[in-house]
Amino acid sequence: MSFYQKSIETMEYTRLKSMQNELFCDLIKRVYKSVNYYKEKIDKLGIDIKEIKSIDDIDKLPYMTKDDLRSAYPDKLLAVPKSESVRIQSTSGTTGKRVIAYYTQSDLELWEECCARAIVATGGSSEDVCQVSYGYGLFTGGAGLNGGSQRVGCLTLPMSTGNTNRQIQFMIDLNTTILCCTPSYAANLGEYIAKNELRDKLSLKLGIFGAEPWTNELRNKIEEDLGIDAYDIYGLTEIMGPGVAFEYNQKNGMHIQEDHFYAEVVDPIDGHKLQDGEVGELVLTTLTKEAFPLIRYRTRDLCKIYREKCKCGRTHIRMSKPIGRTDDMFIVKCEHMAFTN
Amino acid sequence: MNIWPSQIESVLIKNGYSSNYNIFIDRINNNDIMDVVVETKNQTEDENTLCREVLLLENAIKDITGIKVSVSIVAVGKIERSEGKSKRVFDKRNLY
């Protein structure tokens, strides 16, 4: 088992917790001081931030939702002067108005670090050729994995999406060993490879697929079609992008990078906090991000979180593969329903 | 009933189909209807085999989701391939 930053990834829980406490208290002070949107929200609820003394006090603070982000568009949640921000990324806007996230130089570095940990956890190293076939541009997929791949020292192919012919040509000519893209695009590349009987010409060994929910059935199919191990990576633009959590070689849940993100799970309907192990909506707090910090952001992703001793040695809490985002679920009203057990 | 696209995806793949599928939802006479369109897994497409497979999938989806859907099997390549985030669900009810 290899690590990118072993001392952090395997940090003893009590040390991790005290580190989180410190980061969290600092976060609250800095956000309260520099983001008027938060200050107003906190003041309105009559919360005295002096009473926030550890991360266990997080329950006193309100949630942030996508509606908050939309009403704060384009820069009301920016926590540093614009001159200190060096990049924006944006959501696709498929469920409404776009959300813009800002990054300082240090935010970009921690993002690269998170993605580098994910690549190394799946078995990647500087010997690898990593083909990044996520979209580049405003979408976080390309930027995130590109940064992580270079940080690990992989030879990085910034392919972006589309032009499947060219994707496969590069994959063969440059001996790509790691493929990063959405699972649905991976399935399509697999279909193309099978149809053209090209599998023997490939050097692929693993894939890191994210940005949409996917089933274990699809994982098996992709693994079979491409002859690789397929791993999930989790993230969202609002929080950072890919790399918030990642699967390691056991494919048994994703470790949330707790030195940067604090995770809770709540009831998606009434928002009450659930116990570890219960399925609910993932709520994330960014502990270290400078330009666009978020406190208790409701991701709308349904999963469970659990802290169990992990075979890989990592101590950070794990999340299960998300069932999907609450926006993906649809409600069907049917007169003739047949219930089955 | 609450349905997740992932429930449909796992039924289709378990039954040997690809992950190329679409879900269409519409409302007729105050009743919601759901159509699942999937690409064929066979080379031959004779009527009898298709009918049997449609029935099999409809039952398998009903077992998982608890609702009756109508399945259509189309030729390979008929469903648009995704290069990034896929769009599989088309809810026509929102258009009214």
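How many residue pairs are in polar contact between chain A and chain B? The count is 14, with both residues at pLDDT 80 or more. A polar contact here is a pair of N or O atoms within 3.5 Å; within protein, one must be able to donate a hydrogen and the other to accept it, and residues adjacent in sequence count only if both atoms are side-chain atoms.

Some ground rules. This is a predicted model, where local features need pLDDT of at least 70 and side-chain atom pairs count only at pLDDT 80 or more, while totals for chains, interfaces and linings use all residues. Residues are numbered from 1 along each chain as its sequence is written, chains are lettered from A and ligands numbered from 1 in the order in which they are written, and side-chain values use heavy atoms, leaving out hydrogens and water.

Back to the interface. On the chain A side, helix 8 (183–195), helix 9 (216–226), strand 15 (324–325) and strand 16 (330–331) each supply at least two of the residues that touch chain B. Helices (H or I, at least four residues) and strands (E, at least two) are DSSP runs, numbered from the N terminus. Helix 8 of chain A gives the largest share of that side, five residues. By class, the side has 16 nonpolar, ten polar and eight charged residues. Ala, Val, Leu, Ile, Met, Phe, Trp, Tyr, Cys and Pro count as nonpolar, Asp, Glu, Lys and Arg as charged, and the others, Gly among them, as polar.

In total, 34 residues of chain A are in contact (heavy atoms within 4.5 Å) with 36 residues of chain B. About 3100 Å² is buried between the two chains, and carbon and sulfur atoms give 56% of that. Buried area is the accessible area (1.4 Å probe) that two parts lose on being put together, summed over both. F330(A), V332(A) and K333(A) supply 22% of the area that chain A buries against chain B, more than any other three residues.

Next, charges. The rule finds two salt bridges across this interface, each a side-chain nitrogen of Lys or Arg within 4 Å of a carboxyl oxygen of Asp or Glu. R81(B) forms a salt bridge with E191(A), with the closest N and O atoms 2.7 Å apart.

Last, one residue of chain A. I8(A) lies in helix 1 (residues 6–9). Leaving aside neighbours within four places in sequence, I8(A) is in contact with R117(A), D259(A) and H316(A). I8(A) and L157(A) are 149 residues apart in sequence and 29 Å apart in space, C-alpha to C-alpha.
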